[in-house]
Amino acid sequence: MKHRVVVVDNWVTPPALSIDHEQTSYASTSAAELPERIKDATIIVTSGTPIIRTAIEKASNLQLISCNGTGTDHIDKDAARERGVAVSRVPAQNTDSVSEHAFALYYTIRRRIVDMHAVAMDGKTWAANGQLAPKMGKPPRTNAEETLVVIGYGALGQNIERIGKALGMTVLLAERKGASHVREGRISFADVINFGTILMLTTPLDDSTRDMISTAELQTMDPTALLVNVGRGGVINEAALAQALKDGQIGGAATDVFEHEPATTENCPLLDPSIPNLILSPHVAWYSNRTIQGTVATVKANIEGFVAGRPRNIVVAGRSAAQA
C-alpha cells in the first residue's frame with residue numbers, strides 16, 4: 001500500500017524514506033489543527049506535538065505514531081492502544097548532549113555565571129567595588145566537595161553517573177520513590193535526597209514520577225543543594241519549587257523541561273523574574289549534531305521496519321502495517 005506520512009512538526013528534518021509513500025510536513029501543529037491534518041495519515045512523525053485522543057480517534061487509517069525522541073508522554077498511548085496504533089520512539093540518541101547540558105546548567109547555577117556576566121557587562125559595579133568574589137555569596141563547592149545524586153538510571157542517568165565520577169564527585173544512585181526494596185548499589189529515595197548537594201533528575205513522566213519532588217522533599221534537602229532536571233517536566237512540582245527558591249530552602253535549581261511546553265507566564269510558575277537562583281533553558285538539551293544524525297537514522301529505521309513487518313523501538317504494540 002501507499003502510505004500517507006504526516007510530519008506534524010519540524011524540530012528534526014524528516015528522513016528520506018525508502019517506502020511507497022506521500023509526505024506532508026508542517027513546521028508546527030496546534031491542537032486545533034491536528035485532527036484535520038492527520039485524518040488521512042497512516043504514519044505520523046512528531047517531536048513534541050501532543051497527539052491527543054480526539055485526533056487519534058478521527059484518524060481512521062492511522063497505523064504508527066513515530067516519535068523523534070526518547071520520551072512519549074506527549075502521546076495518548078491508551079488511545080493508541082485502543083485503536084491498534086503502534087507508537088515508536090528513539091532511545092538513547094541524545095544521551096551525550098543531554099548529559100553535557102545537565103552539567104552546563106549545574107555549573108551555571110553553582111558558579112552564578114549569569115549573575116557574574118551581568119555584573120561584568122554593566123561596566124560599573126566591578127570598578128566601584130573592586131574584588132567581586134564576595135558578591136557570589138557563600139563560596140561554591142568544587143567538584144570533589146559535591147555529592148551528586150542521580151535520580152533515574154537509564155542510559156542518561158548512567159552517563160551522568162560516569163561524568164560525575166570522572167569529575168571527582170561522589171555519586172549516589174537513588175532507588176525509586178516508594179519502592180519496598182532497595183536494590184544493591186542504590187540508596188532509598190527518602191534518604192538519598194538528604195545526602196545530595198546536587199540532585200540530577202533524568203526520569204520519564206508517568207504516574208509514579210509526577211510531583212516526585214514537591215514541598216515535603218524540598219524541605220528535607222540540604223539548604224545549599226541544587227536541583228537539575230533534564231528528565232521531564234512535571235517530575236518536580238513547579239509551584240513548590242518556585243516557593244522553595246523564594247524562601248531560600250535550597251541553594252538553586254535549573255531545568256530544561258517544563259510541565260507545560262512551551263512554558264508561558266500563564267502556565268508556568270517558574271517564569272517569574274523575582275525567583276532567585278534559578279536557571280532555565282527551553283527544552284534544548286537534546287540539540288546537537290550527533291543527536292540529529294542519530295535521530296534521523298533511527299526514525300528512518302523505525303518507520304521502514306514497521307512497514308516491512310519488523311517493528312523496532314516500540315512502546316505501544318499496535319497492529320503492524322502488514323496486518324492493516
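Predicted model: local features only at pLDDT ≥ 70, side-chain atom pairs only at ≥ 80, totals over all residues.

Residues are numbered from 1 along each chain as its sequence is written, and side-chain values use heavy atoms, with hydrogens and water left out.

Start with the rings. A pair of aromatic rings is described by the distance of the centres and the angle of the planes. Here, rings of Phe, Tyr and Trp (its six-membered ring) pair if their centres lie within 6.5 Å; planes under 30 degrees apart count as stacked, over 60 as edge-to-face and the rest as tilted. The whole structure holds two aromatic pairs. One joins Y106 and Y107, with centres 4.6 Å apart and 55° between the planes, a tilted pair. Y106 is buried, at 1% relative accessible area, while Y107 is partly exposed at 28%. (Buried means under 20% relative accessible area, exposed over 50%, partly exposed in between, with a 1.4 Å probe and protein chains only.) W286 and Y287 have ring centres 5.3 Å apart and planes at 80°, so this pair is edge-to-face. W286 is buried at 15%; Y287 is exposed at 55%.

Another ring meets a charge. The charged end of R37 sits over the ring of Y26, 3.8 Å from its centre. The test asks for NZ of Lys or CZ of Arg within 6 Å of the ring centre and within 35 degrees of the ring normal.

Now the backbone. Most residues other than glycine have a negative phi, and most peptide bonds are trans. A92 has a positive phi of about 65°. A92 lies in the loop between β5 (86-88) and α4 (95-110). Helices (H or I, at least four residues) and strands (E, at least two) are DSSP runs, numbered from the N terminus. H283 also has a positive phi, near 50°, and lies in the loop between β11 and α11 (289-307). E261 and P262 are joined by a cis peptide bond, with omega about -5°. P262 lies in the loop between β10 (252-255) and β11 (278-280).

Which strand gives the most to the lining of the largest cavity? β10 does, with three residues. β9 (226-229) and α10 (238-246) are among the elements that each supply at least two.
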